[in-house]
Amino acid sequence: MSQSQTQREAIGDLICCALVLIGSLILFIGASSLPPPRFEPLGSAAMPRILGFLLVVLSAVVALQAVAKLRQPKTPTVDIEATPNSPYRGLIVLAALIVYVFALDVLQLPFLIATTLFVTVTGTAMHRFAARSIVIHGALGLIIAVLISTVFSRFLGIEIG
């Protein structure tokens, strides 16, 4: 008995969520070793913690949807376009997260560029690799980066990258 495409996608989503949670744990561990704040209100560990929290929340949403798909009654389906590479999406997201933190911390890449690229890569990996997906996630990444940067600089008095 073969699994339906929906089941494979749900299992891929759960694997992706598990890998994202591992990445978030790495962020939390890294943030715990950063020095406490001296002058700014949040300190240098705030951004990794916020990013880790957002990743956990979004991963939980995706995981709940995947579990709901798995619990649906099985109906016979015809697999027209199976996605056997679904589990690799999580690996791509985890690798993107590690590269993102490396780019911000070691390479000192500007926040707007690094965040835009991170959202573009992870969004495209979780969706489908197509030009339209890259454009949509790139625009979304830029909007998110600008919003986060604006909130931090205007309301919290913290300049990030």
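I took helices as DSSP runs (H or I, at least four residues), numbered from the N terminus. The model is predicted, with local features needing pLDDT of at least 70 and side-chain atom pairs pLDDT 80 or more, while totals for chains, interfaces and linings use all residues. Residues are numbered from 1 along each chain as its sequence is written, and side-chain values use heavy atoms, without hydrogens or water.

Entry 1, largest pocket. I used a 1 Å grid over the protein atoms alone; a pocket is an open set of points where a 1.4 Å probe fits, with protein on both sides within 12 Å along at least five of seven lines, and lining residues have an atom within 4 Å of a point. I read a volume of about 830 Å³, the volume being the space filled by probe spheres set on the points. I found 31 lining residues, with Ser 44, Met 47, Pro 48, Leu 104 and Asp 105 nearest the centre. Helices H1 (5-32), H2 (46-71) and H3 (86-105) each supply at least two lining residues; H3 gives the most, eight. I sorted the lining into 22 nonpolar, six polar and three charged residues, where Ala, Val, Leu, Ile, Met, Phe, Trp, Tyr, Cys and Pro are nonpolar, Asp, Glu, Lys and Arg charged, and the others, including Gly, polar.

Of its 26 lining residues, Leu 55, Leu 58, Phe 118, Val 119 and Thr 122 are closest to the centre. H2 gives the most to this lining, eight residues. The lining has 20 nonpolar, six polar and no charged residues.
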